[in-house]
Amino acid sequence: MQFTAMILSNAEVSPGYWRMRLTAPQEFASARPGQFVMVRVAGAIDPLLRRPFGIFDVGIHTPAQSGAVAQPYFEMLYRVVGKGTALLATLHETDLLDILGPLGKGFNLGTADEEKLIVGGGVGLAPLYLLARELVQQSTVRLFAGGRTRDDILCITEFERLGVECYTATEDGSLGEQGLVTEALIRRLDALKGRATIYACGPHGMLNAVATIAADRSIPCQVSLEGYMACGVGACLGCVAPGQGHSTETPDFRCVCTDGPVFESGELKWRD
Ligand SMILES: Cc1cc2nc3c(=O)[nH]c(=O)nc-3n(C[C@H](O)[C@H](O)[C@H](O)COP(=O)(O)OP(=O)(O)OC[C@H]3O[C@@H](n4cnc5c(N)ncnc54)[C@H](O)[C@@H]3O)c2cc1C
Ligand code: FES
């Protein structure tokens, strides 16, 4: 669906990372973890294309004034990387944005009897909070959050409040263990002896590593891709990713916006 959303709040939560809350229609409450929105970041033609963002959370906003009407909302967590996101960071409460969504296929929640291991870093954590909120209803959930520095580890307190056990690792050692978060993931998988499902979102290198770890141990793993998108609805084919059987002789592509953005990791082609 396409709708005009009003910004309820827009705040920097860590250097370069922002969290925005926007009004949403009632129907938006059915958004699934892992789905995304396409946002027109400006009323003018530059930037022309909408920008894709994961849905961090959905809920009901209760205004402070007595008598005011409760309003459904959704939240985005975004990193300022270029023109569109820099524009978003200049917006204030009551500003309006044109939104298309919820779009795409989200995460499969799986069965209750396996521990759920969530792996993310930076804005890769964006689609994982709503996922964690649903998974804790049925399973033990652990979060493995990684980044270059402590600034990339976002909203951990919110995950902890859900009852998620959180591990953090940073490359410079400024928060949690020094090194890659995949090392803690491997230790947990070894302790669980395979009874787990992995969900991951983050930089491609991290997803590649997680997909390999999962494949080596025959652990089910779902990844959410964050490539480039122009339309978000399957019309431009600008977002395709190589499927598992892809080669120059036999092209095999997945459309990230309509087949994904969440895929079983074994469905995609990864670097060796
Ligand atoms: C399904 C999906 C969900 C996403 N969810 C989020 C989210 O929740 N939060 C968030 O912050 N971002 C998310 N992204 C990425 C986000 O869409 C881009 O960062 C954004 O479009 C950049 O717009 P811009 O105009 O600021 O940057 P541009 O001016 O378009 O680009 C600035 C720089 O960033 C690089 N860049 C742009 N897009 C990407 C990308 N997708 N990956 C890597 N580098 C990129 C460009 O190469 C360029 O160097 C998501 C992307 C997808 C496809
Ligand atoms: S973004 Fe246009 S087809 Fe996916």
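Strand 4 gives the largest share of the shell around ligand 1, with 4 residues. Before we go on, a word on the model: it is predicted, local features need pLDDT of at least 70, side-chain atom pairs count only at pLDDT 80 or more, and totals for chains, interfaces and linings use all residues. Residues are numbered from 1 along each chain as its sequence is written, chains are lettered from A and ligands numbered from 1 in the order in which they are written, and side-chain values use heavy atoms, with hydrogens and water left out.

Let us start at the ligand. At least two shell residues each come from strand 4 (51-54), strand 6 (71-79) and helix 1 (83-89); helices (H or I, at least four residues) and strands (E, at least two) are DSSP runs, numbered from the N terminus. Among the 21 residues around ligand 1, the nearest are Arg51, Pro52, Gly84, Thr85 and Tyr228, where being near takes a heavy atom within 4 Å. Because domain 1 (2-103) and domain 2 (115-267) both give residues to this shell, ligand 1 lies between them; the domain bounds come from an automatic or database domain assignment.

Which atoms of the protein meet the ligand's polar atoms? A polar side-chain atom of Tyr228 is 2.7 Å from an oxygen atom of ligand 1. A polar backbone atom of Gly82 lies 3.1 Å from an oxygen atom of ligand 1, and a backbone N or O atom of Gly227 is 3.1 Å from a nitrogen atom of the ligand. Taken alone, ligand 1 exposes 900 Å², and the protein buries 74% of that (Shrake-Rupley method, 1.4 Å probe).

Now turn to Asn10, which sits in strand 1 (residues 2-14). Asn10 counts as buried because its relative accessibility is 15%, buried meaning under 20% relative accessible area (1.4 Å probe, protein chains only). A polar atom of the Asn10 side chain lies 2.9 Å from the backbone oxygen of Leu88, and the Asn10 side chain also reaches the backbone oxygen of Leu91 at 3.0 Å.

Leaving aside neighbours within four places in sequence, Asn10 is in contact with residues including Trp18, Arg19 and Tyr78, contact meaning heavy atoms within 4.5 Å. That leads us to Arg19, in strand 2 (residues 17-23). Arg19 is buried too, with a relative accessible area of 18%. The side chains of Arg19 and Glu158 are joined by a polar contact of 2.5 Å, that is, a pair of N or O atoms within 3.5 Å, one able to donate a hydrogen and the other to accept it.

Technical notes:
Buried < 20%, exposed > 50% of the residue type's maximum accessible area, 1.4 Å probe, protein only.
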